[in-house]
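Here is a brief report on selected residues. Follow along in the model shown below.

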Amino acid sequence: MSSNSYDYVKDAFAAPLGDFIASIGEGVGEAQAALDEGSLRQTLEIYNSDPDKGSETLKMLREVGYQPTFYTIPKTTAKAKISLSISQQSTGNSLQSTRAFRPKMYATPVNASNTNKYNLGLNATAEIEFDIVPVPPSEAQIIRFLPNIIEKEDENGNMIQRTFGEIKTLLTEYGLGYDFGENVDAETITDASTFDSQLPAFDANKPSMIRADDVITLDVDA
């Protein structure tokens with residue numbers, strides 16, 4: 001009964017070892033997505049709400065540029081007791097006289113329930129341990145709020161135009177590129193030049209998102 005029981009539980013529960021590990025990784029990913037969703041929901045509540053409505057707290061958070069904290073699962077260590085088996089899969093065509101066989105490893109979870117029920121011996125099991133660690137996004141994947149590129153606030157609270165030199169410094173800090181609109185003569189631009197508009201356009205009431213390496217188009221009124 002032991003051999004037949006072992007074959008049964010292996011066939012019923014076995015999965016390729018890679019799929020077994022991937023399923024654990026997917027569970028961690030779903031947990032991380034739930035954390036991200038909560039933080040994103042707070043961000044949207046602050047910045048997508050009507051600026052003329054809502055609580056004074058939300059208005060104050062918008063004014064100071066508050067961004068909710070995004071929590072990260074820094075590391076997950078998985079440890080499992082499994083039964084390993086190897087199966088060979090044919091990689092050749094049925095019309096060919098010879099076939100190549102590629103071995104594939106399968107894992108069956110072992111716990112007290114199926115050990116007792118199917119009489120699995122401990123000598124048939126192995127133990128695996130692995131870490132799941134998040135990889136920081138590349139610079140191009142980082143999402144930020146689009147800043148006001150062409151204007152800034154002076155010490156008196158008035159909005160004044162940035163010079164092209166200031167604009168280039170700001171774009172470098174955000175990892176953004178720039179281009180000139182159809183009304184700009186690139187040959188006449190100096191570090192003291194100013195611009196009248198940017199694309200994507202800046203709207204303090206409805207902030208938009210950008211990624212590093214995005215290009216901002218600078219233009220002047222015709």
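The side chain of Ser 193 reaches the backbone nitrogen of Thr 190 at 2.9 Å. That is a polar contact (a pair of N or O atoms within 3.5 Å; within protein, one must be able to donate a hydrogen and the other to accept it, and residues adjacent in sequence count only if both atoms are side-chain atoms). The model is predicted: local features need pLDDT of at least 70, side-chain atom pairs count only at pLDDT 80 or more, and totals for chains, interfaces and linings use all residues. Residues are numbered from 1 along each chain as its sequence is written, and side-chain values use heavy atoms, with hydrogens and water left out.

Ser 193 sits in the loop between strand S8 (177–180) and strand S9 (197–199). Strands (E, at least two residues) and helices (H or I, at least four) are DSSP runs, numbered from the N terminus. Setting aside neighbours within four places in sequence, Ser 193 contacts Arg 162, Thr 163, Phe 164 and Thr 188. Contact means heavy atoms within 4.5 Å.

| Residue | Relative accessible area | Class |
|---|---|---|
| Ser 193 | 14% | buried |
| Ile 21 | 31% | partly exposed |
| Phe 70 | 43% | partly exposed |

Ile 21 lies in helix H2 (residues 17–47). Ile 21 and Glu 129 are 108 residues apart in sequence, yet 10.0 Å apart in space, C-alpha to C-alpha.

Phe 70 belongs to the loop between helix H3 (56–63) and strand S2 (76–90).

Conventions: Buried means under 20% relative accessible area, exposed over 50%, partly exposed in between (1.4 Å probe, protein chains only).
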